[in-house]
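Please keep the sequence and the coordinates open while you go through them.

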Amino acid sequence: MKGRSDGGQKKRVIALVCVAAVVLVFVYLFYGSSDHRASAIEYGRKLGLGGDDDDTKQDDTSSSFGVDDGFTPRSFPVCDDRHSELIPCLDRNLIYQMRLKLDLSLMEHYERHCPPPERRFNCLIPPPNGYKVPIKWPKSRDEVWKVNIPHTHLAHEKSDQNWMVVKGDKINFPGGGTHFHYGADKYIASMANMLNYPNNVLNNGGRLRTVFDVGCGVASFGGYLLSSDILTMSLAPNDVHQNQIQFALERGIPASLGVLGTKRLPYPSRSFELSHCSRCRIDWLQRDGILLLELDRVLRPGGYFAYSSPEAYAQDEEDLRIWREMSALVERMCWKIAAKRNQTVIWQKPLTNDCYLEREPGTQPPLCRSDNDPDAVWGVNMEACITSYSDHDHKTKGSGLAPWPARLTSPPPRLADFGYSTGMFEKDTELWRQRVDTYWDLLSPRIESDTVRNIMDMKASMGSFAAALKEKDVWVMNVVPEDGPNTLKLIYDRGLMGAVHSWCEAFSTYPRTYDLLHAWDIISDIKKKGCSEVDLLLEMDRILRPSGFIIIRDKQRVVDFVKKYLKALHWEEVGTKTDSDSDQDSDNVVFIVQKKLWLTSESLRDME
């Protein structure tokens with residue numbers, strides 16, 4: 001018995017050793033030879049994509065943060081394919097791993113939670129298998145490549161609402177929405193008719209220009225408003241419909257990830273002429289109406305809130321209760337019903353402080369304290385209070401803005417808040433017009449009229465870079481640094497859009513979002529703050545579409561620094577020009593690069 005037992009044990013040990021050996025061989029073949037986790041980049045000569053064909057071996061020394069200035073990395077590792085849609089500060093896995101204690105009822109899990117330096121992904125985000133250069137605008141409004149966003153669950157879930165339809169290798173967008181199944185164009189015309197605007201056009205002769213669409217779905221509402229010269233900030237969280245903003249941006253429609261939770265929206269006060277919610281599933285009555293009061297903060301004097309929801313027309317007991325309570329809340333906020341028809345009600349915000357001053361003492365919600373800056377937004381908590389107007393705005397009885405497009409080049413009324421003169425504004429506008437002409441001259445060998453659509457100005461100042469692009473069929477996300485002058489309100493006053501952000505952190509957007517990034521002194525600024533320039537370069541690569549461009553306007557030493565990383569990032573130099581204008585930063589250099597279209601070993605293998 002003992003001998004048979006020992007023999008059986010030996011056989012089991014041998015079997016286990018053999019299994020372990022097979023597993024080790026498999027791991028080596030899968031993770032070692034193909035390097036699945038940090039695959040060396042293979043340029044698509046097989047696919048006619050162009051690019052380098054040598055030196056794809058990864059150098060591990062490049063994977064640490066803050067590479068030594070004397071070292072030129074040969075390559076960055078490539079993130080695992082499962083991170084092809086990574087949004088670092090909106091990463092649910094990070095929230096889980098860090099065991100953050102968040103209040104789900106307040107939507108804190110949809111707000112920004114950025115990884116600490118030791119948890120950042122220092123790798124290049126791979127495109128999905130079979131990625132194609134996006135369809136060009138304006139055709140992209142109605143269709144995108146399915147392979148670029150391989151998620152079709154919304155097409156099935158919202159099939160009765162015409163959000164999107166899968167057709168072969170494309171996803172089509174018929175223009176439907178939760179409360180406008182028969183098309184956004186008809187819904188928009190109906191809204192204009194409710195407000196008695198001429199010819200049922202919602203822009204009202206250019207007086208209505210900036211719109212905020214909260215819970216926007218795939219942003220068809222904002223997409224169809226573009227033909228009326230109305231610019232919409234379409235906002236939705238990365239929730240169960242997590243790819244809706246990704247679809248919007250792929251379509252070339254202005255959009256951003258965000259949520260009405262506990263923090264203020266990254267927009268200054270009095271930014272939008274109209275806010276819109278079509279069955280956006282937001283409990284506007286929660287926490288003393290704090291979310292509705294946040295909308296009130298960003299609405300201009302006399303601005304509208306268009307609300308399409310069952311509470312506006314249904315007759316069941318619960319809907320009637322919500323309608324009564326919401327009507328009472330907006331009445332105390334001094335909103336008036338401008339129009340109500342079928343499923344939609346449109347409220348209007350007052351033009352002056354008169355109604356606020358006439359309320360009974362102790363009326364809730366209260367007016368905000370005098371020391372409550374309505375334009376402070378970066379990491380600032382919302383407050384359940386009404387933002388009243390300054391004495392100047394109260395006397396003006398409105399925004400004082402010129403109709404679009406005159407407001408683009410007219411000195412904004414809030415210019416004096418920064419001590420800027422009309423002459424300074426006009427000089428800035430002309431200076432950037434000349435600079436943009438120079439940029440396009442440098443880009444001209446590689447750019448056509450439809451090459452770029454989504455553009456980001458990473459340090460927008462007064463928005464003159466975006467203003468100089470008016471005649472081009474593009475839209476610009478103007479980013480204002482959180483620690484500088486909050487000139488974003490000037491940008492909105494010009495009829496443009498943007499957000500406050502810190503470039504020490506990742507931007508709240510999907511990978512492959514923008515066709516062109518304009519980086520004016522932003523890399524120098526990051527270094528002064530003690531943040532990683534390498535992290536910033538990787539973030540710029542993350543949000544840039546393959547074959548997209550980066551315009552760097554910075555000091556020569558910064559350009560030299562970026563040049564050391566071109567090969568590692570798989571960027572290619574397009575052109576360089578010494579700054580020749582007479583402005584204060586005339587020692588800057590203009591350096592333009594293009595991101596190459598590359599695929600991982602696994603992508604090529606799958607396509608074969």
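1. The link of Cys504 and Cys531 is right-handed, with 90 degrees about the S-S bond. Cys504 lies in the loop between strand 14 and strand 15 (514–520), and Cys531 in the loop between helix 14 (522–528) and helix 15 (533–543), so the pair ties together parts that are 27 residues apart in sequence. The S to S distance of this disulfide is 1.9 Å, where a disulfide is taken as a pair of cysteine sulfur atoms within 2.5 Å.

2. Please note that this is a predicted model, in which local features need pLDDT of at least 70 and side-chain atom pairs count only at pLDDT 80 or more, while totals for chains, interfaces and linings use all residues. Residues are numbered from 1 along each chain as its sequence is written, and side-chain values use heavy atoms, with hydrogens and water left out.

3. At 19% relative accessibility, Cys504 counts as buried, whereas Cys531, with a relative accessible area of 21%, is partly exposed. Here buried means under 20% relative accessible area, exposed over 50%, and partly exposed in between (1.4 Å probe, protein chains only).

4. The count of disulfides comes to six, and with bonded cysteines counted along the chain they follow the pattern 1-4, 2-3, 5-6, 7-8, 9-10, 11-12. Among them is the disulfide of Cys79 and Cys123, whose sulfur atoms are 1.9 Å apart. This pair links distant parts of the chain, 44 residues apart, with Cys79 in the loop between strand 1 (41–43) and helix 2 (92–97) and Cys123 in the loop between helix 2 and strand 2 (143–145). Cys79 is buried at 2%, and Cys123 is buried at 13%.

5. Another disulfide joins Cys89 to Cys114, S to S 2.0 Å, and the torsion about its S-S bond is about 110 degrees, so this disulfide is right-handed. Cys89 is buried at 2% relative accessibility, while Cys114 is partly exposed at 26%.

6. Seven of the seven residues of strand 13 (residues 475–481) are buried, so the strand is largely enclosed by the rest of the structure; helices (H or I, at least four residues) and strands (E, at least two) are DSSP runs, numbered from the N terminus. Trp475, Met477, Val479 and Pro481 cover one side, and Val476, Asn478 and Val480 the other.

7. Strand 13 runs parallel to strand 12 (residues 454–457), to which four bridges join it, and five bridges join strand 13 to strand 14 (residues 497–501), also in parallel; strands pair if DSSP finds at least two bridges between them.
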